[in-house]
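I opened this notebook page to record what I looked up in the structure, one entry at a time. The sequence and the coordinates come before my notes.

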Amino acid sequence: MTGKVYKSTGSWYVVKTAEGAVWNARLKGILKLDGITSTNPIAVGDEVEMEPENEEEKTATITEIHDRRNYINRQSPSHRMQHHIVAANIDQSLLLVTLKDPRTSQGFIDRGLVTCEAYHVPAVLVFNKVDIYRKKEEERYAQWKDMYEAIGYRVVRMSVETGEGVEEVKGMLQGKISLLSGHSGVGKSSFLNALFPALRLKTHGVSGWSGKGIHTTTFAEMYDLPAGGPTEGSAASGPTGKGQIIDTPGMREFGLVDISRQELSGYFPEMRVLAGQCQFNNCLHMEEPGCVVKAAVQKEVIAMDRYVSYCSILDSIETNNY
Ligand SMILES: Nc1nc2c(ncn2[C@@H]2O[C@H](COP(=O)(O)OP(=O)(O)O)[C@@H](O)[C@H]2O)c(=O)[nH]1
Ligand SMILES: [Mg+2]
Ligand SMILES: [Zn+2]
């Protein structure tokens with residue numbers, strides 16, 4: 001039987017069939033070794049084949065993993081060279097950011113966008129906590145909205161607190177598998193609680209001394225969107241189909257593991273359109289003569305702040321020897 005992985009807790013996976021039956025499934029030892037270099041061979045969002053082990057206890061063995069349409073990686077926090085697949089088969093990524101309490105850095109946003117580009121997942125920038133934005137934050141919001149929309153990203157504003165924009169974001173989730181990401185404290189759990197009141201996820205006040213929230217979620221988990229009315233989310237049995245949302249652990253470190261220095265500008269849409277036009281075809285857009293990207297930055301066709309992010313990511317690839 002075929003099912004979709006909703007949750008991974010180490011060696012067991014919560015898998016749901018199209019009819020809505022929930023199974024606890026695990027891998028056969030042999031499949032685990034099958035040339036897979038990831039620390040977790042199966043990710044939330046994966047489609048798998050399984051054979052029942054125990055019909056009564058609803059346990060099963062996973063016999064096959066279907067090919068992935070895409071997936072998102074990040075570096076394993078403990079082993080820098082190991083990949084950790086966060087989620088697979090994603091239609092879009094909602095990158096939750098805030099301009100206050102805590103403030104998301106532009107570098108963090110750009111790394112997140114680069115990751116989405118590299119894995120071919122369309123990204124939407126959701127600015128949360130707009131209820132606490134004052135003049136300074138509103139100005140920055142307007143500036144960033146212009147900058148990101150100009151290069152093709154959708155930008156929306158939201159306040160889980162007041163409800164502003166929540167319906168718009170809900171509407172964007174219909175019929176799709178969406179990955180919810182953003183660093184700790186931006187309101188991911190609060191947003192999920194707004195979508196699924198019955199879920200009652202723990203939310204955390206931002207700890208005063210660091211301005212960052214505390215990491216709590218460890219494993220990614222997928223939730224079925226309510227079919228309309230006030231239905232409960234989660235993998236609880238019931239038909240799938242209205243779309244799903246995947247909650248991720250506090251992803252402070254987006255994995256850029258598979259990206260080479262040469263590829264990087266291909267993941268900046270405003271640089272990608274200039275591909276092949278520099279004097280040197282291996283141009284990294286740094287000090288090379290005849291660079292159209294640098295010329296575009298000088299003419300303010302490419303935002304200086306984005307170029308700065310590009311240089312900083314390029315730098316980090318170099319220091320990590322990728
Ligand atoms: N003012 C304001 N606070 C919010 C909003 N959304 C979430 N918060 C607060 O931000 C803190 C962190 O939220 P949480 O959902 O735990 O963030 P997570 O770490 O991304 O899951 C909590 O104290 C929330 O109550 C919002 O739209 N406006
Ligand atoms: Mg949370
Ligand atoms: Zn160049």
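Entry on Leu99. I listed the contacts of this residue in the predicted model, and, leaving aside residues up to four places away in sequence, I found that Leu99 touches Phe127, Tyr133, Glu137, Arg140, Tyr141 and Trp144. I then located Leu99 in the loop between strand S8 (92–98) and H2. Its relative accessibility is 4%, and because buried means under 20%, Leu99 counts as buried. I also looked up a distance across the chain: the C-alpha atoms of Leu99 and Val186 are separated by 9.3 Å, although these residues are 87 residues apart along the chain.

Entry on aromatic rings. Three of the residues that Leu99 touches, Phe127, Tyr141 and Trp144, turned up again when I looked at ring pairs, which link Phe127, Tyr141 and Trp144 into a cluster. I noted a count of six aromatic pairs for the model. One of them joins Phe127 and Trp144, whose rings lie 6.4 Å apart centre to centre with 55° between the planes, a tilted arrangement. This pair links distant parts of the chain, since Phe127 belongs to strand S9 (residues 123–128) and Trp144 to helix H3, 17 residues apart. I checked burial for the two partners, and both Phe127 and Trp144 are buried.

I then turned to the rings of Tyr307 and Tyr310, whose centres are 6.1 Å apart and whose planes meet at 25°, so this pair is stacked. Tyr307 and Tyr310 are three residues apart in helix H8 (residues 304–319), which means that about one helical turn separates them. Here, too, I looked up burial, and both Tyr307 and Tyr310 are buried.

Entry on H2 and H3. How do the axes of helix H2 and helix H3 cross? I found that the axes of H2 (residues 106–118) and H3 (residues 135–150) come within 13 Å and cross at roughly 20°. The crossing in which H2 passes H3 is right-handed. For the residues that meet, I wrote down Gln106, Ile109, Asp110 and Leu113 in H2, against Trp144, Met147 and Tyr148 in H3. Sorted by class, the contact of H2 with H3 has five nonpolar residues, one polar residue and one charged residue.

Note on methods. Residues are numbered from 1 along each chain as its sequence is written. Chains are lettered from A and ligands numbered from 1 in the order in which they are written. This is a predicted model: local features need pLDDT of at least 70, side-chain atom pairs count only at pLDDT 80 or more; totals for chains, interfaces and linings use all residues. Side-chain values use heavy atoms; hydrogens and water are left out. Axes are lines fitted to C-alpha atoms, for helices over the stretch in contact, and angles run from 0 to 180 degrees between N-to-C directions. Helices (H or I, at least four residues) and strands (E, at least two) are DSSP runs, numbered from the N terminus. A crossing is left-handed if the near helix is turned anticlockwise from the far one by less than a right angle, and right-handed if clockwise. Contact means heavy atoms within 4.5 Å. Ala, Val, Leu, Ile, Met, Phe, Trp, Tyr, Cys and Pro count as nonpolar, Asp, Glu, Lys and Arg as charged, and the others, Gly among them, as polar. Rings of Phe, Tyr and Trp (its six-membered ring) pair if their centres lie within 6.5 Å; planes under 30 degrees apart count as stacked, over 60 as edge-to-face and the rest as tilted. Buried means under 20% relative accessible area, exposed over 50%, partly exposed in between (1.4 Å probe, protein chains only).
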